[in-house]
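Subject: Handing over the two-chain model

Dear colleague,

Please find the structure below, together with its sequence.

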Amino acid sequence: MKIIVPIKQVPETSNVKMDEETGTMIRDGIESIINPLDLYAIEAAIRLKEQFLSEITVISMGPGKAIEAIKEAIAMGCDNGVLLSDRKFAGSDTWATSYVLSQCIKKIGKYDLILCGERATDGDTAQVGPGIASFLDLPLSTFTSEIICLEKNSIRIKRLVEGGYEFLDMQLPAVLTVVKEINDPRLPTLKGKLRAKEIKIPMWGPKNIDAQDECLGLKGSPTRVVKIFPQKVSREGEKFIVKDEDDLSKAIEKIMDYLILKELI
Amino acid sequence: MSEVWTLAEQRNGMVNQVSFELLNRGKKLSEKLNSPLASVILGYHIKKERIDELILRGADKVYVVDNKHLANFLIEPYTRVLLSLLDEYNPHIFLAAATTLGRTLMPYIAIKKKTGLTADCTILDIEEGTDNLLQTRPAIGGNILAMIKTPDTKPQMATVRPHSTKPAIPDKKRKGKVIYKKYDDKIFKSRTKFIKFIKDESQQVAIQDAKIVVSAGRGIGKKEKFKMIDELAEIIGGAVGASRDVVDRGWKTYPHQVGLSGKTISPLLYIANGISGSVQHIAGIQSAENIIAINKEPDAQIFKLADLGIVGDLHEIVPLLIERLREYKLKEAQK
């Protein structure tokens with residue numbers, strides 16, 4: 001069985017600082033990491049590999065340094081990887097990105113399952129997983145929270161939807177995007193790190209994946225960013241500090257007054 | 001001008017509230033464009049009154065595809081039916097809600113139509129002179145807004161964040177046209193089979209649909225203490241949310257997670273207990289109408305966003321607040 005995991009390298013933003021004046025993120029000195037939600041897809045792939053004989057290929061589109069993300073996935077237990085890096089890929093929206101990744105998957109040729117993170121924490125569109133499925137014309141399950149059983153030609157999954165869970169039987173090959181609930185990702189092992197250090201990751205451009213130039217980058221992107229502007233985050237209302245018992249009851253009354261004033265209760 | 005379309009979502013014959021929010025959005029756009037507003041509904045045994053309600057709430061036309069193979073959402077038949085409708089009528093704009101269905105179906109369709117799609121928009125407008133749809137969404141952790149357009153391809157597609165606008169109000173006098181479409185069986189073929197839906201009692205009030213969300217972060221201290229948050233939520237009639245920290249520690253399950261790696265919500269009231277307010281968390285709640293924060297740390301980021309901030313120990317405040325709310329409710333009931 002052959003599993004492909006498309007991943008993305010994103011800025012590490014969990015401890016990010018904000019520029020108070022402009023309301024934007026301070027990007028200086030921010031590390032790059034594997035998109036945290038992709039770790040669940042990698043882990044799901046490794047767990048399948050532990051159960052069934054399978055080979056996991058990690059693919060990523062990005063700048064040269066995105067190779068670190070692929071190597072980290074290999075250190076966790078994936079087998080090999082491909083980096084899609086070329087100036088022509090830059091500026092791709094979700095349509096063009098899905099195109100590049102799906103062309104790469106076609107080139108790899110044999111695959112039974114494609115596992116993606118639900119979305120990337122930077123772009124936050126959740127459109128590329130479904131986009132890959134559409135380009136490859138494959139069945140798709142998004143928000144997958146459990147792989148219940150895997151057979152030779154089919155898979156049963158559970159997916160998280162509003163108010164509950166859906167159970168689906170899907171024919172393989174198929175695309176799954178997974179949510180956090182599916183597993184707890186492992187850390188890279190020492191042995192894995194050594195293997196990742198040795199392994200050579202091929203870097204592919206448009207020619208390697210038979211991509212048409214007019215489908216790449218800005219040219220291949222149907223959407224255009226008109227402008228970007230700061231959102232007023234701060235609304236700083238009243239702040240009340242509780243110093244003693246007396247303040248405590250005042251605080252409760254303040255909350256009650258607010259709830260009543262705004263007709264929230 | 002060609003039509004503005006909204007996708008009406010239904011489950012078990014009930015149309016989702018969010019579909020009426022889309023009609024409100026669609027109405028404003030169609031008025032600016034001076035074009036008809038249409039809703040598309042796919043399902044099985046769709047009741048006439050559900051279709052009429054779409055008209056009362058603003059649709060000039062409703063396209064209905066009623067077939068047993070559409071009873072539950074499956075990607076392939078839903079895509080083929082919608083592609084066929086889009087090819088036949090060429091709408092100018094096509095909107096769906098940013099629900100699990102919308103966020104699955106719309107990207108699949110956009111690829112096949114080779115058109116642009118903007119995810120999770122919170123503001124929509126029409127560009128003067130070009131009639132392009134201006135689609136604005138929070139970007140980079142929700143700290144900035146990005147305005148996006150799809151200048152050269154049609155339809156211009158967007159998913160819209162639930163609760164980012166009010167549902168359209170029904171007008172009993174409105175009239176509209178209902179168009180039933182029929183298709184051959186082969187359009188409904190699917191490599192995916194729907195087995196069942198199981199309601200999750202713990203997310204009976206899904207946080208993304210709740211008017212009030214009461215949430216806790218690391219400040220809650222331990223899992224057992226979450227009981228008081230559950231209690232506060234119950235008495236105030238809200239759903240229970242949790243920060244990523246708390247979910248990672250296993251104190252609450254993932255469906256409760258609020259923030260960028262959980263759910264982005266826009267409730268009428270958000271009560272943050274012991275949540276410091278990471279960028280990721282704030283991105284998930286900033287469109288809440290009212291925010292009350294309780295935190296021991298006077299410098300916690302969450303206070304920047306709060307309409308009312310209480311600097312104090314939630315373990316003292318929350319039990320007293322529950323008690324006070326009980327008294328209030330009792331008094332109201334006796335009035």
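Helix α3 of chain B covers residues 75–89 and helix α4 of chain B covers residues 102–113, and the two pack at an angle of about 50° with their axes 10 Å apart. Here the axes are lines fitted to C-alpha atoms, for helices over the stretch in contact, and angles run from 0 to 180 degrees between N-to-C directions. Helices (H or I, at least four residues) and strands (E, at least two) are DSSP runs, numbered from the N terminus.

Before going further, please keep in mind that this is a predicted model, in which local features need pLDDT of at least 70 and side-chain atom pairs count only at pLDDT 80 or more, while totals for chains, interfaces and linings use all residues. Residues are numbered from 1 along each chain as its sequence is written, and chains are lettered from A and ligands numbered from 1 in the order in which they are written.

The crossing of α3(B) and α4(B) is right-handed, a term used if the near helix is turned clockwise from the far one by less than a right angle. Among the residues that meet there are Leu82(B) and Leu86(B) from α3(B), and Leu105(B) and Ile109(B) from α4(B); two residues are in contact if their C-beta atoms, placed from the backbone, lie within 7 Å. The residues of this contact divide into eight nonpolar, two polar and two charged, where Ala, Val, Leu, Ile, Met, Phe, Trp, Tyr, Cys and Pro count as nonpolar, Asp, Glu, Lys and Arg as charged, and the others, Gly among them, as polar.

From α6(A), residues including Leu248(A), Ile252(A) and Ile255(A) meet residues of α9(B), among them Leu320(B), Leu321(B) and Tyr328(B). This contact of α6(A) with α9(B) is made up of nine nonpolar residues, no polar ones and two charged ones.

How many residues does each chain bring to the contact between the chains? Chain A brings 73 residues and chain B brings 77. On the side of chain B that touches chain A, strand β13 (residues 192–199) of chain B gives the most, with eight residues, and the residues of that side divide into 42 nonpolar, 19 polar and 16 charged.

Strand β13(B) pairs with strand β9 of chain A (residues 164–171) in the antiparallel sense over seven bridges, and two strands are said to pair if DSSP finds at least two bridges between them. Within this pairing, Phe167(A) has Lys196(B) as its bridge partner. The two strands belong to an open sheet of 10 strands with mixed pairing, in the order β11(A)-β5(A)-β4(A)-β1(A)-β6(A)-β10(A)-β7(A)-β8(A)-β9(A)-β13(B). At its edges stand β11 (203–204) of chain A and β13 of chain B, each with a single partner strand, so one side of each is left without a neighbour in the sheet.

An open sheet of six strands, with parallel pairing, has the order β13(A)-β18(B)-β17(B)-β16(B)-β14(B)-β15(B). Its edges are β13 (238–241) of chain A and β15 (239–242) of chain B, and each has a single partner strand, so one side of each is left without a neighbour in the sheet. Inside this sheet, β16 (residues 269–273) and β17 (residues 290–295) of chain B pair in the parallel sense over five bridges, with Leu269(B) opposite Asn290(B). Helix α6(A) lies across β13 of chain A together with β17 and β18 (308–311) of chain B, and runs at about 165° to β18(B).

With kind regards
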